[in-house]
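Dear colleague,

I am passing on the structure we spoke about, with the sequence alongside. Please have it open while you read the notes that follow.

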Amino acid sequence: MVEDEGIRRYVAHAILWIGIAIVAFPVYIAIVASTQDNALIANGQMSLLPGGHFFEVYYQTIFVGTSGSTREPVGNMMLNSLVMALAIAIGKIAISIISAYAIVYFRFPFRMAIFWIIFITLMLPVEVRIYPTYKIVADLHMLDSYAGLSLPLIASATATLLFRQFFMTVPDELLEASRIDGAGPLRFFWDTLLPLSRTNMAALFVILFILGWNQYLWPLLITTRDDMQTIQVGIRKMITTTDALTEWPIVMATAVLAMLPPVFVVVAMQKLFVRGLVETEK
Amino acid sequence: MANVTLRNVRKTYTGGFEAIKGVNVDVADGQFCVLVGPSGCGKSTLLRMVAGLETVTGGEIDIGGRVVNQIEPADRDIAMVFQNYALYPHMSVYNNMAYGLRNRGMAETEVKSRVEEAARVLELTSMLERKPRQLSGGQRQRVAMGRAIVRQPKVFLFDEPLSNLDAKLRIAMRVEIRKLQRRLNTTSIYVTHDQLEAMTLADVLVVMNGGQVEQVGNPLAIYEKPATTFVASFIGAPPMNLMSTRADEIKSQLNGAATEAGILGIRPEDFVITDQTPAGGVALPLTVEAIERVGAETFIYGSREQEEQRVAATPGELPPGEVIVRIPGTEAPAIGARIRVAAIRPKLHLFSGDGRTRLEA
């Protein structure tokens, strides 16, 4: 059955390659389109091979923007998106690890009630509470600001629950040993709990960064000034033009640029994530 | 260095469950005290109360002349070794030992010298940079010990520290712990459910049952004169044979002092196979039912004659009518043989009918 093994392997690889091709083809088209001349694309004569306009298209995309009236360099949009995504990811992790610590390790009145209130917010995503949230942000004069973009999205039940579950698996003896070693609540949190949570934080960071990066509805509502636009909103605006041709190479370049940070985060964090899975530290 | 005194210590959980029902124990400076008892007897709870990890709901705990009921664990000047070691998984062996010292603001040079000294004593010098997960069970155990000794505390507390080790290592570590404690001469309280560990380690043995102290004393004294049937059956392996006995028999043993029926206890090792009945002693005819040879000695499980009226008094220890006899060597009667075993008067233990009092001649 040795020959059979070989054939099976080729078949399996062939299927995998077909799958990869299906998934990768649109990405490839985007990259190719971003290096072509706009007139060519508009004529419907787009080549499947990369064109020669790579540098000029990307230069224009990042530093100048489209030639429309409300032009905005994509570099600035990326900065806005990056600030927002980082603030959401870091803010969520910080808030939820602290609240989970309080809920798991301290006895205070209405502890379980508070836990359930946090839990219930899971059922109220941004889209559901968008009007009251908008009202609050507007009343606080946070429209068109980084705070307005990120703060309302920071409070997180999911991350709190995840850290709570993790803390409950940390043996009680570690806390007791810390108490005997003279470590107070803050020291225990900082010296023991945080290092043990490192892999959880890495996993959460990946998820939350992408979640923040891909926000569309909230930034669309909260930002009106062009220089506060995020990249997801920017792409949409570039496509719908009223008085001119859509500049497809720039749209595609923007899409490619929009993909890069999440890819970078996943690749960078994956190493930490996998290492954490291999070396179980408990 | 300090003595530890427990005065009428009680622990009642919210909900009314009474885990510790008034315990009085006095551990002198430098002594090794072992708390022993079956699981659920409250021995670990008591130790955790001394450590300050459980609140005290009644009585006083006194360490070195200072009542510590309201004092934080870190300020009690104690060090504890946990059953699962509770090493900080993300810290190296060195940092595990140094952590408690640094938290107390000790100078780094002093920390270094103490940790290195402890590592030398415990043969951990080559492993100081490793993480706990890279160590074997015995090595982790030694790191946990090291974390306790670098602190140079007044009292060591051990919560079943050897129960996660295999049998051979357990014996080796038992000897190590005793040697180390003798050399440092630090007052120690050690919790175990293993009566052999308890007998070999203790200066003072505290036998606990159901949240109460059954007997306190020197291990050999407890072995020789158990105060209750519980202690009699818990200390010593295999357990003491216990059988109810008639008032007239007790009377004859105690020169007429008793008026009611009681319990007679004889240790397996105190029987000899003989046809004679020693003066003042007891003889039992047995049918041999099982033999266990362990090399140096042999255990004979026998059942007593049908017409005998005596039955075992402590439920769960021996089936009614079963007697264990321990003889040296490997020569034993065949299974099914009828033998006669006897014990002399000084080897008999007599208890009141409820098993709570030892009757002395």
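**Notes on the structure**

Strand 11 of chain B and strand 12 (residues 262-266) of chain B run antiparallel to one another and are joined over 5 bridges. Please bear in mind throughout that this is a predicted model. Within that pairing, M243(B) has L264(B), in strand 12 of chain B, as its bridge partner. The two strands belong to an open sheet of 4 strands in chain B, whose order is 11-12-18-19 and whose pairing is antiparallel. Strand 11 (241-245) and strand 19 (358-359) of chain B each have a single partner strand, so these two form the edges and each has one side without a neighbour in the sheet.

P238(B) sits in the loop between helix 8 (229-234) and strand 11 of chain B, and the peptide bond that joins A237(B) to P238(B) is cis, with omega near -5°.

Helix 3 of chain B can be described in some detail. The helix covers residues 108-121, 14 residues in total, and reaches 20 Å from its first C-alpha to its last, which is close to the 20 Å expected at 1.5 Å a residue. Its buried residues are V115(B), A118(B) and A119(B), and because they fall within an arc of 100° when seen down the axis of helix 3 of chain B, they line one face of the helix. As background, residues three or four places apart in an α-helix point the same way, because there are 3.6 residues a turn. The buried residues of helix 3 of chain B pack against helix 2 (93-103) and helix 4 (137-149) of chain B, whereas T109(B), E110(B), S113(B) and R120(B), on the other side of helix 3, are exposed.

Two residues other than glycine have a positive phi that I would ask you to check. E123(B), in the loop between helix 3 and helix 4 of chain B, has a phi near 55°, and this residue counts as exposed because 11 C-beta neighbours lie inside 10 Å. N185(B), in the loop between helix 5 (167-184) and strand 8 (187-192) of chain B, likewise has a phi near 55°, and N185(B) counts as exposed because it has 11 C-beta neighbours inside 10 Å.

Further along chain B, G295(B) is in the loop between strand 14 (282-293) and strand 15 (297-304).

As for the contact between the chains, 16 residues of chain A and 18 residues of chain B take part. On the side of chain A that touches chain B, helix 9 (172-180) and helix 10 (185-196) of chain A each supply at least two residues, and helix 9 gives the largest share, 6 residues. That side of chain A comprises 7 nonpolar, 2 polar and 7 charged residues.

Finally, some annotations come from unreviewed UniProt entries. For chain A, UniProt lists "transmembrane region" at several stretches, including residues 146-167 and 248-269; in the model, residues 146-167 of chain A are 73% helix and 0% strand, and residues 248-269 of chain A are 100% helix and 0% strand. For chain B, UniProt lists "domain: ABC transporter" at residues 4-235, a stretch that is 36% helix and 25% strand in the model.

With best wishes

Methods: Residues are numbered from 1 along each chain as its sequence is written. Chains are lettered from A and ligands numbered from 1 in the order in which they are written. This is a predicted model: local features need pLDDT of at least 70, side-chain atom pairs count only at pLDDT 80 or more; totals for chains, interfaces and linings use all residues. UniProt positions are given in the numbering used here, feature names are shortened, and annotations may be inferred rather than shown by experiment. Two residues are in contact if their C-beta atoms, placed from the backbone, lie within 7 Å. Ala, Val, Leu, Ile, Met, Phe, Trp, Tyr, Cys and Pro count as nonpolar, Asp, Glu, Lys and Arg as charged, and the others, Gly among them, as polar. Two strands pair if DSSP finds at least two bridges between them. The expected span of a helix is 1.5 Å times one less than its number of residues. A residue is buried if 20 or more other C-beta atoms lie within 10 Å of its own, exposed if 12 or fewer, and partly exposed in between; C-beta atoms are placed from the backbone. The arc is that of the directions from the helix axis to the C-beta atoms.
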